[in-house]
Amino acid sequence: AGVAVIFNGHVHAYERTYPVAFNQTNSSAPTYIVIGDGGNREGHAPDYPADKPDWSAFRNASDYGHGRMRILNTSHAVWEWHTNQADEWIVSDSAIITNPHAGPAPAPAPSCNATDLVKNHTGPPALCAYESNRTHHHTVGYGFDMETSFARKAFADLGIDYDKVFFGDSCINQTDADILLQMSLQIAAFQAVTAVGPSYASLCCPIANALVDITYNLTELGTPIYSFGTLIQDLLAKNYSDAKSVLSSTEWCNHSAVACADDANTIGQGC
């Protein structure tokens, strides 16, 4: 037994930490989330100090907002924070919260594998870290976000110096990129399963793989797959032509035209 995440209020601001204990990041320690920014007559808390500690992943003391957590299974949960001022459904901060005290979670659909599809859409891996044009996060490999809550632990498990890669002093290799992709795909699959529900098991592999690919790509845009409710309803009803039209009309297609067209065609063909 143990604690994976701790929520606090009172302070009129928002902050999410990496797993931390005694002012040091620690993959076995809890993630702390201060979510006291719902709005109040006293205004915001004083701004954070200019020097941001290493254990602080994201902070905001200027916007009111709200959070949402989706429990995927015993080992993973998705946390999202939204600013109230945003006119659109925009995720301002997000993280996969991992429970280091849980046993390994089973893969949701072992017979389906979206690896090749994602690789085709992302292109060759970037073995050195770069800043994503979309999220402005440090990114490496096949779009692996180095600023997620589990990234440092993932690098440690691979024997990679996270800080050296993050600051551009070293790079990863192809094998590392492949392993990091599998970690991200497992989380994308969990998110897709959660959005669809128990009926996910009835989807054929081409449709399931396309859905995981969409989920994987949407993460970079800060858009959750469960916001694509009409698409999911059409897929479960086997209205593949309608599902293709719905997907083709989404904002995602403006950002990832090739991947969107490919997945839309796969969905249109049905099972």
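Predicted model: local features only at pLDDT ≥ 70, side-chain atom pairs only at ≥ 80, totals over all residues.
Figure 1. Most residues other than glycine have a negative phi. His 10, although not a glycine, has a positive phi of about 70°, and this residue counts as exposed because its relative accessibility is 74%, where exposed means over 50%. Phe 22 lies in the loop between β3 (20-21) and β4 (24-25), and the phi of Phe 22 is likewise positive, near 55°. With a relative accessibility of 82%, Phe 22 also counts as exposed.

Figure 2. Arg 59 has its place in β6, which spans residues 56-60. The side chain of Arg 59 makes a polar contact of 2.9 Å with the side chain of Glu 15, and another, of 3.4 Å, with the side chain of Ser 56. When neighbours within four places in sequence are left aside, the residues in contact with Arg 59 are Tyr 14, Glu 15, Tyr 48, Pro 49, Asp 51, Lys 52 and Pro 53.

**Figure 3. An open antiparallel sheet of 3 strands.** The strands follow the order β10-β11-β12, and the pairing is antiparallel. Because β10 (126-131) and β12 (144-145) stand at the edges with a single partner strand each, one side of each is left without a neighbour in the sheet. Strand β11, made of residues 138-141, pairs with β12 over 2 bridges, and Val 140 has Phe 144 in β12 as its bridge partner.

**Figure 4. Helix α4 and its two ends.** Helix α4 comprises 23 residues, 174-196, and reaches 32 Å from its first C-alpha to its last, which is close to the 33 Å expected at 1.5 Å a residue. At the start of α4, a side-chain oxygen of Asn 173 comes to within 3.1 Å of the backbone nitrogen of Thr 175, while just after α4 Gly 197 takes a positive phi of about 95°.

**Figure 5. The largest nonpolar core and a second, separate one.** The largest nonpolar core holds 54 residues, of which Phe 144, Phe 155, Leu 247 and Ile 267 touch the most other members. Two or more residues are given to this core by each of α2, α3 (162-166), α4, α5 (205-221), α6 (229-236), α7 (240-248), α8 (252-255) and α9 (257-269), with the largest share, 10 residues, coming from α4. Not counting residues up to four places away in sequence, Ile 267 touches Ile 207, Ala 210, Ile 214, Leu 231, Leu 235, Tyr 240, Ala 243, Lys 244 and Leu 247. A second, separate core has 7 residues, including Tyr 14, Ile 33, Trp 81 and Ala 95.

**Figure 6. The buried side of helix α6.** Leu 231, Ile 232, Asp 234 and Leu 235 are buried in α6. These residues lie on the same side of α6 because they cover an arc of only 160° around the axis. After α6 comes Lys 238, with a positive phi near 60°.

**Figure 7. Lys 153 in helix α2.** Lys 153 is found in α2, which covers residues 151-157, and is partly exposed, with a relative accessible area of 31%. The C-alpha atoms of Lys 153 and Ser 28 are separated by 9.0 Å, although these residues are 125 residues apart along the chain.

Terms used:
Residues numbered from 1 in each chain as written. Heavy atoms only, no water. Helix = DSSP H or I, 4+ residues; strand = E, 2+ residues; numbered from the N terminus. Expected span 1.5 Å × (residues − 1). Polar contact = N/O pair within 3.5 Å; in protein donor to acceptor, adjacent residues only side chain to side chain. Pairing = 2+ DSSP bridges. Buried < 20%, exposed > 50% of the residue type's maximum accessible area, 1.4 Å probe, protein only. Core = buried A, V, L, I, M, F, W, Y, C linked by side-chain atoms within 4.5 Å. Contact = heavy atoms within 4.5 Å. Arc of directions from axis to C-beta.
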